[in-house]
Amino acid sequence: MQYFNRYPEGMNIGLALSGGADSSLLLYLLAKMVKDRSLSSDIICMHGIDTNMQIAVQPAEQIVEYVRNKFKDVNIILETFSYALDPKNENKDDYHKPYYNEYKKLYNIPKIVRAMTQGMPDSARPIVTNDITPEQLIEYSKDDITVPFGAVDKKWVKLQYRYHGIMDLANMTVSCIADQTSPCRECWWCKERFWAFGNYDGGIQ
């Protein structure tokens, strides 16, 4: 991707790591970029945990450990924080932003990278306040290093997992938002996952 040719030397990288397929792939590609270009950058993964979710799988630690093992010379740090999502305010950015700002100062991170992608075509994707439109994502991805996946969708994401031979990493990721240990198969994110990968979380058919 053209994006990886314009990442500044010496800049620490802050990554919003949800534990889903998109952000996990982005972590892998960022670590590969740091290794291949012999950058001095650390990668700081920031993972928020909604304390209202009691039994949902939280794969962030496993994902980070997987990528660390693939790129042993790359310094990958995982920072986690907790919050309780209010049904009256489902915009997670309102909960994440104070922590992101704290980590930016602590690790000298100029910008935080996010793995936002295009949704399924004609999909009625759930929208919350301040969501970036698909058209805006495409424009931002051209000039802003914070949204490198803005012009692609999850089918492209799957192809990248296959190309790099890391489908086992894809199967660690969690797309489902239901508070349970197995995918619900009904939420929009489960349907998007199946549309792109042909399976649900964990490779379940």
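**Talking through the fold**

Colleague: What share of the 205 residues is buried in the protein?
Modeller: Keep in mind that this is a predicted model. A residue counts as buried if its relative accessible area is under 20%. Across the 205 residues of the protein, the buried share comes to 48%.

Colleague: What radius of gyration does the protein have, next to that of a compact globule?
Modeller: Start with the chain length: for 205 residues, a compact globule would come out near 17 Å. The C-alpha trace spans about 45 × 35 × 35 Å along its principal axes. The radius of gyration agrees with the globule value, as the protein has 16 Å.

Colleague: How far apart are the end C-alpha atoms of helix α1?
Modeller: Helix α1 covers residues 21-36, which is 16 residues. At 1.5 Å a residue, α1 should span 22 Å. The model agrees with that, with the end C-alpha atoms 22 Å apart.

Colleague: Is α1 largely enclosed or open, and how many of its residues are buried?
Modeller: The rest of the structure largely encloses α1.

Colleague: Which residue just after α1 takes a positive phi?
Modeller: Look just past the end of the helix, where phi is about 50°. The residue with that positive phi is Ser 38.

Methods:
Residues are numbered from 1 along each chain as its sequence is written. This is a predicted model: local features need pLDDT of at least 70, side-chain atom pairs count only at pLDDT 80 or more; totals for chains, interfaces and linings use all residues. Side-chain values use heavy atoms; hydrogens and water are left out. Helices (H or I, at least four residues) and strands (E, at least two) are DSSP runs, numbered from the N terminus. The expected span of a helix is 1.5 Å times one less than its number of residues. Buried means under 20% relative accessible area, exposed over 50%, partly exposed in between (1.4 Å probe, protein chains only). The radius of gyration is taken over C-alpha atoms; the globule rule is 2.2 Å times the number of residues to the power 0.38.
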